[in-house]
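The structure comes first, and the notes follow by topic.

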Amino acid sequence: AVVSMQSTGIITVPENTISSGSLNEIAKLLNSQKQLEGRYEELVTSDRPSNELANVKQNMKSSAQALVRNVKLNPLATENLIKLQQDREYLQLLASECLEEVSQEGSFEGLIRATVEEREKKNKLQETILREEDARKNVRSLQRQLLELKRSKEVIISTKNYAEKR
């Protein structure tokens with residue numbers, strides 16, 4: 001499933017993904033949690049007392065519990081979110097390095113190099129996937145051949161046994 005993070009920090013999941021329902025629910029919970037945390041921070045930093053602080057605390061707690069429950073029920077969604085976080089961190093690092101390079105050297109060589117490296121990684125992964133699929137097909141074919149050979153041997157043995165009894 002593809003998950004994207006907009007510049008606003010809001011996580012979105014395309015509707016046509018396999019597990020978009022559970023990912024959307026997790027994304028909504030994460031967005032809600034982020035909003036609650038922002039509101040909590042506002043209330044804590046403000047000097048005026050507020051009854052809303054207790055409500056926000058309770059909402060954060062229940063939101064966290066719902067998030068944990070949903071993540072436990074959907075381990076693949078968890079893996080996707082971990083991958084999303086790793087990709088996001090990589091992109092942030094790449095963007096900061098690119099900005100530094102542009103400001104110091106006036107070039108995008110690092111970005112171009114990173115893009116080429118990522119494309120090569122993707123191509124290698126695709127090749128590995130194709131080899132794995134071919135290997136799986138070969139294993140299935142060999143299993144069918146083995147089964148046919150076993151059946152033919154059983155027929156030969158049963159024919160010999162029948163002939164010996166006569």
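R39 and E42 are three residues apart in helix α1, so about one helical turn separates them. Their side chains meet in a salt bridge at 2.8 Å, N to O; a salt bridge here is a side-chain nitrogen of Lys or Arg within 4 Å of a carboxyl oxygen of Asp or Glu. This is a predicted model, in which local features need pLDDT of at least 70 and side-chain atom pairs count only at pLDDT 80 or more, while totals for chains, interfaces and linings use all residues. Residues are numbered from 1 along each chain as its sequence is written, and side-chain values use heavy atoms, with hydrogens and water left out.

**Salt bridges**

- By the stated rule, the count comes to five salt bridges.
- Side chains of opposite charge can pair when their charged atoms come close.
- R39 is partly exposed at a relative accessible area of 27%, and E42 is partly exposed at 45%. The classes are buried for under 20% relative accessible area, exposed for over 50%, and partly exposed in between (1.4 Å probe, protein chains only).
- R39 also forms a salt bridge with E52, at 2.6 Å, N to O. Because E52 lies in helix α2 (residues 52-73) and R39 in helix α1, the pair ties together parts that are 13 residues apart in sequence.
- E52 counts as partly exposed, at 31% relative accessibility.
- E118 is partly exposed at 33% relative accessibility, whereas K121 is exposed with a relative accessible area of 52%.

**Negative surface patch**

- E97, E100, E105 and E109 form a negative surface patch. Patches are made of residues with over 30% relative accessible area and no salt bridge, with like charges joined within 9 Å.
- Asp and Glu count as negative and Lys and Arg as positive, with His and the chain ends not counted. The place of a charge is taken as NZ of Lys, CZ of Arg, CG of Asp or CD of Glu.
- Helix α3 (residues 75-105) gives the most to the patch, with three residues.
- E97 lies in helix α3 and counts as partly exposed, at 44% relative accessibility.

**Q35 and M60**

- Q35 is placed in helix α1 (residues 20-45) and is exposed, with a relative accessible area of 59%.
- Q35 and M60 are 25 residues apart along the chain, and their C-alpha atoms are separated by 9.4 Å.

**Chain overview**

- The protein chain has four helices and two strands, in the order β-β-α-α-α-α along the sequence. Helices (H or I, at least four residues) and strands (E, at least two) are DSSP runs, numbered from the N terminus.
- Of the 166 residues of the protein chain, 19% count as buried.
- The accessible surface of the chain comes to about 13400 Å², of which 55% belongs to carbon and sulfur atoms. Accessible areas come from the Shrake-Rupley method with a 1.4 Å probe; for residues, only the protein chains shown count as cover.
- Among contacts (heavy atoms within 4.5 Å) with a separation of 6 or more, residues 24 or more positions apart account for 37%.

Conventions:
Patch = residues over 30% accessible without salt bridge, like charges linked within 9 Å, V, L, I, M, F, W, Y side chains within 5 Å.
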